[in-house]
Amino acid sequence: MLDNKTIVVYGLPSNEVNLIQRASLDFKVDLITLKTFNELYDNDYFLAVLNINELSGEELDGFTDYLENIDPNLTTKVVLDAEKRNLSDYNNYISFTSFQGIENELSVLVKKAVQKAKRELNSANNSLKLLTIYNYLQKNSGSAKEIAAATKLEFKEVKRYLGVIQIICKDIQFDKDNNSYFKKGN
């Protein structure tokens with residue numbers, strides 16, 4: 001899944017791996033060279049540069065299945081494919097026929113991948129906070145300050161997320177008399 005500190009590469013010669021390493025120096029990230037293609041599914045990363053030209057039919061089918069059915073599109077995947085095959089209809093990877101197609105743009109590519117990872121992590125963190133408050137309100141009621149204390153979230157965040165929750169969940173209401181948020185029916 002998503003790790004904003006790791007780049008994985010597969011099937012690249014050492015000189016190309018070194019170019020990626022140099023392009024990513026400003027971002028203080030780790031670079032892992034995968035020994036087998038299947039290691040891709042076991043590693044957390046924000047950018048994968050994958051040469052799929054030497055994959056077996058079974059490995060290619062597995063990767064296609066991953067792109068089509070599993071990949072949540074949180075990471076940037078750069079696929080080097082001399083045949084320019086359409087592996088997925090979901091546009092969840094960037095395709096080039098060779099490394100030379102990205103060589104001059106590596107710094108920009110790494111920067112964009114870092115930015116995407118930060119956005120995705122921020123979105124996941126915001127969703128987690130929203131769910132934390134919503135789950136609290138499934139069994140409890142309370143003022144924004146009480147909810148903040150119980151969930152260990154900042155008061156301002158709780159106020160903002162309570163507003164969002166009230167927009168999308170009509171069962172969460174506010175009782176002015178008791179200065180309390182609650183789930184309707186509790």
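**Lys28 and its setting**

A: Lys28 is exposed, its relative accessible area being 68% (buried means under 20%, exposed over 50% and partly exposed in between, with a 1.4 Å probe and protein chains only). The model is a predicted one, in which local features need pLDDT of at least 70 and side-chain atom pairs count only at pLDDT 80 or more, while totals for chains, interfaces and linings use all residues. Residues are numbered from 1 along each chain as its sequence is written, and side-chain values use heavy atoms, with hydrogens and water left out.

Lys28 belongs to the loop between α1 and β2; helices (H or I, at least four residues) and strands (E, at least two) are DSSP runs numbered from the N terminus. Although Lys28 is not a glycine, its phi is positive, at about 50°. Lys84, also a residue other than glycine, has a positive phi near 50°. Lys84 sits in the loop between β4 (76-80) and β5 and is partly exposed, with 48% relative accessibility.

The strands named here belong to an open sheet of five with parallel pairing, ordered β2-β1-β3-β4-β5; two strands pair if DSSP finds at least two bridges between them. β2 (30-33) and β5 (94-96) are at the edges with a single partner strand each, so one side of each has no neighbour in the sheet. Further in, β1 (residues 2-10) pairs with β3 (residues 45-51) in the parallel sense over five bridges, and Tyr10 stands opposite Leu50 in β3.

Helix α1 (residues 14-23) lies across β1, β2 and β3 and runs at about 165° to β2. Contact means heavy atoms within 4.5 Å; axes are lines fitted to C-alpha atoms, for helices over the stretch in contact, with angles from 0 to 180 degrees between N-to-C directions.
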